[in-house]
Amino acid sequence: MRSNDPDRRRFLAVFAATAAASISLPFIFKATQPVMAADAPKPIQPGNVTLDCYAPDKKPLGTCVEPKVVLTDEQWKAKLDSRSYYVTRHEGTEPPYTGPGWNRHDNGLYRCIGCDTALFDSATKFDSGTGWPSFYQPLSKRNIVQTDDTSLIEDRTAVSCARCGAHLGHVFDDGPDPTGLRYCMNAVAMHFVPVPGVHITLS
């Protein structure tokens, strides 16, 4: 059910921040330790995936078929820094207000840190007051996967990259119009690509 109740949003923000804080201290340590069976990331099956592709200037290029990016846990650990590895491959959460460029407002695309898939457009970003990059819709429903997450007290919907399976964040129903949704993403799960010729600014 759609809700724009500011008290509920503040509650969710505090709840999420508390949950993030509870795991943020050991996340670097955890990310460098051997993966236990119960802690292992969910495997992604090899094959191809149909995505919506975009040029650097955000121009839609239509659908494209790309091979899924399937790496071993050791390969992901070598490819990503410790924060991005922990969040994307072990479904972690970065502490709020700490992700690189979480408050960025310039024009461009947010792409997956693991495989460069286009995920979100800066035009749909809004200030949610939570300390995480928030968007009211993804760039393309083809490029993400949404799954049920029952790991905390409140049932949530997790969002991951369709090509490499990277955990990105969660989607909630307390966002602004026109969708009423809040895609609350981890900044370390994405990298920002500005539109060519546009000056980067942070506030």
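## Briefing: strands, aromatic pairs and backbone features

Tyr110 and Phe135 are both buried. The model they belong to is predicted. Its protein chain contains four helices and eleven strands, and 47% of the 203 residues count as buried. The points below cover confidence, the strands, the aromatic rings and some backbone angles.

**Confidence and overall figures**

- Mean pLDDT for the protein chain is 82, with 76% of the residues at 70 or more.
- Residues 14–40 have a pLDDT below 50. In the model this stretch has 31 contacts beyond near neighbours in sequence.
- Of the contacts in the protein chain between residues at least 6 apart in sequence, 61% join residues at least 24 apart.

**The three-stranded sheet**

- Three strands form an open sheet in the order β4-β3-β11, and their pairing is antiparallel.
- Its edge strands are β4 (118–121) and β11 (190–194), each of which pairs on one side only.
- On average, neighbouring strands of this sheet are turned by 30° against each other, direction ignored.
- Strand β3 (residues 108–112) runs antiparallel to β11, and five bridges join the two.
- Within this pairing, Arg111 of the chain stands opposite His191 in β11.
- Strands in a sheet pair through hydrogen bonds of the backbone, in parallel or antiparallel fashion.

- Strand β1 (residues 48–54) and strand β2 (residues 60–67) run antiparallel and are joined by seven bridges.
- Asn48 stands opposite Pro67 in β2.
- Five residues separate β1 and β2 in this hairpin, and Lys58 lies in the turn.
- Lys58 has a phi near 80°, which is a positive value in a residue other than glycine.
- The relative accessibility of Lys58 is 19%, and buried means under 20%, so Lys58 counts as buried.

**Aromatic rings**

- The count of aromatic pairs comes to five.
- One of the pairs is Tyr97 with Trp102: the ring centres are 5.0 Å apart and the planes stand at 90°, so this pair is edge-to-face.
- Tyr97 is partly exposed, with a relative accessible area of 47%, and Trp102 is also partly exposed, at 24%.
- The rings of Tyr110 and Phe135 have centres 5.1 Å apart and planes at 70°; edge-to-face requires over 60 degrees, so this pair too is edge-to-face.
- Tyr110 belongs to strand β3 and Phe135 to strand β6 (residues 134–135), so their pair ties together parts that lie 25 residues apart in sequence.
- Tyr110 and Phe135 also belong to one aromatic cluster with Phe120, Tyr183 and Phe192.

**Other backbone features**

- Tyr97, a member of the Tyr97–Trp102 pair, has a phi near 65°, a positive value in a residue other than glycine.
- Tyr97 is placed in the loop between α4 (82–90) and β3.
- The peptide bond from Asp177 to Pro178 is cis, and its omega is near 10°.
- Pro178 sits in the loop between β9 (167–172) and β10 (182–185).

Note on methods: Residues are numbered from 1 along each chain as its sequence is written. This is a predicted model: local features need pLDDT of at least 70, side-chain atom pairs count only at pLDDT 80 or more; totals for chains, interfaces and linings use all residues. Side-chain values use heavy atoms; hydrogens and water are left out. Two strands pair if DSSP finds at least two bridges between them. Axes are lines fitted to C-alpha atoms, for helices over the stretch in contact, and angles run from 0 to 180 degrees between N-to-C directions. pLDDT is the predictor's confidence in each residue, from 0 to 100. Contact means heavy atoms within 4.5 Å. Buried means under 20% relative accessible area, exposed over 50%, partly exposed in between (1.4 Å probe, protein chains only). Rings of Phe, Tyr and Trp (its six-membered ring) pair if their centres lie within 6.5 Å; planes under 30 degrees apart count as stacked, over 60 as edge-to-face and the rest as tilted.
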